[in-house]
Amino acid sequence: MQYPVEQLASTLLDCLVVTLAEADAPACTSFLSPSPMPPWDSCCECRNGDGQLTVSLVSGLPVNPFNSVPCGREFTYTFRIQLTRCTPTVGETGAAPTPAQIEEAALKMYRDRRLILKAVDCCWVDLWDFSPGDWTASNMSVVEPKGGCQVLT
């Protein structure tokens, strides 16, 4: 069955927002991005959370590219989830982050990985009633910190 890509993306973002909020780990901002690598505009704390959450469409490919029916083709979509959080850096005095600060940031990243998988598997997949073969999750990786921001994608 073919699903509208904009609804898939929008409901994925909704599931992520709700799951993070329920775990007391909300992002300051969340939005659908037209680019697979949106700018890291908001990674640190705000009044109601920490970081920036985005969902973007990376690709859409026909399931069977040799199907000659142009309007009846099914597509497979790849979405990128990107969660940017604040990470400890060298302070104004030149002091490096402590091991405890670095470990705290690592634990938040581990929590975020778990919550992202939970949002996909327990909310988004159930919402669309996907069968096990209808979706897959790929490797999540952490991008090296820049300017006090750490990205999980």
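Mentor: Let's start with a term we will need: a residue is buried under 20% relative accessible area, exposed over 50% and partly exposed in between, using a 1.4 Å probe and protein chains only. This is a predicted model, so local features need pLDDT of at least 70 and side-chain atom pairs count only at pLDDT 80 or more, while totals for chains, interfaces and linings use all residues. Residues are numbered from 1 along each chain as its sequence is written, and side-chain values use heavy atoms, leaving out hydrogens and water.

Trainee: Thanks! How many disulfides does the structure hold?

Mentor: A disulfide is a pair of cysteine sulfur atoms within 2.5 Å. The structure holds 2 of them. One joins Cys15 and Cys123, with the sulfur atoms 2.0 Å apart. The torsion about their S-S bond is about -70 degrees, so this disulfide is left-handed.

Trainee: Which parts does the pair of Cys15 and Cys123 tie together?

Mentor: Helices (H or I, at least four residues) and strands (E, at least two) are DSSP runs, numbered from the N terminus. Cys15 lies in helix H1 and Cys123 in helix H2, so the link ties together parts 108 residues apart in sequence. Cys15 is buried at 2% relative accessible area, whereas Cys123 is partly exposed at 25%.

Trainee: Which cysteine is joined to Cys28?

Mentor: Cys46, with an S to S distance of 2.1 Å. This link is left-handed too, with -115 degrees about the S-S bond. Cys28 sits in the loop between H1 and strand E1 (29-33) and Cys46 in strand E2 (residues 45-46), 18 residues apart. Cys28 is buried at 16% relative accessible area, while Cys46 is partly exposed at 30%.

Trainee: Now the rings. How many aromatic pairs does a search of the whole structure find?

Mentor: Rings of Phe, Tyr and Trp (its six-membered ring) pair if their centres lie within 6.5 Å; planes under 30 degrees apart are stacked, over 60 edge-to-face and the rest tilted. The search finds 5 pairs. One of them is Phe79 with Trp124, edge-to-face at 6.3 Å centre to centre and 85 degrees between the planes. Phe79 is in strand E5 and Trp124 in helix H2, so this pair ties together parts 45 residues apart in sequence. Phe79 is buried at 18% relative accessible area, and Trp124 is buried at 8%. Trp124 also pairs with Phe130: their centres are 5.2 Å apart and their planes at 70 degrees, so this pair is edge-to-face.

Trainee: Which residues form the aromatic cluster?

Mentor: Phe75, Tyr77, Phe79, Trp124, Trp128 and Phe130 form one cluster.

Trainee: And where is the centre of the largest pocket?

Mentor: Rolling a probe the size of a water molecule over the atoms shows where empty space is left. On a 1 Å grid over the protein atoms alone, a pocket is an open set of points where a 1.4 Å probe fits, with protein on both sides within 12 Å along at least five of seven lines; lining residues have an atom within 4 Å of a point. Points are joined across faces, edges and corners, and a volume is the space filled by probe spheres set on them. The largest pocket has a volume of about 870 Å³. Of its 29 lining residues, the closest to the centre are Tyr77, Thr78, Phe79, Trp124 and Thr136. E5 gives the most to this lining, with 7 residues.
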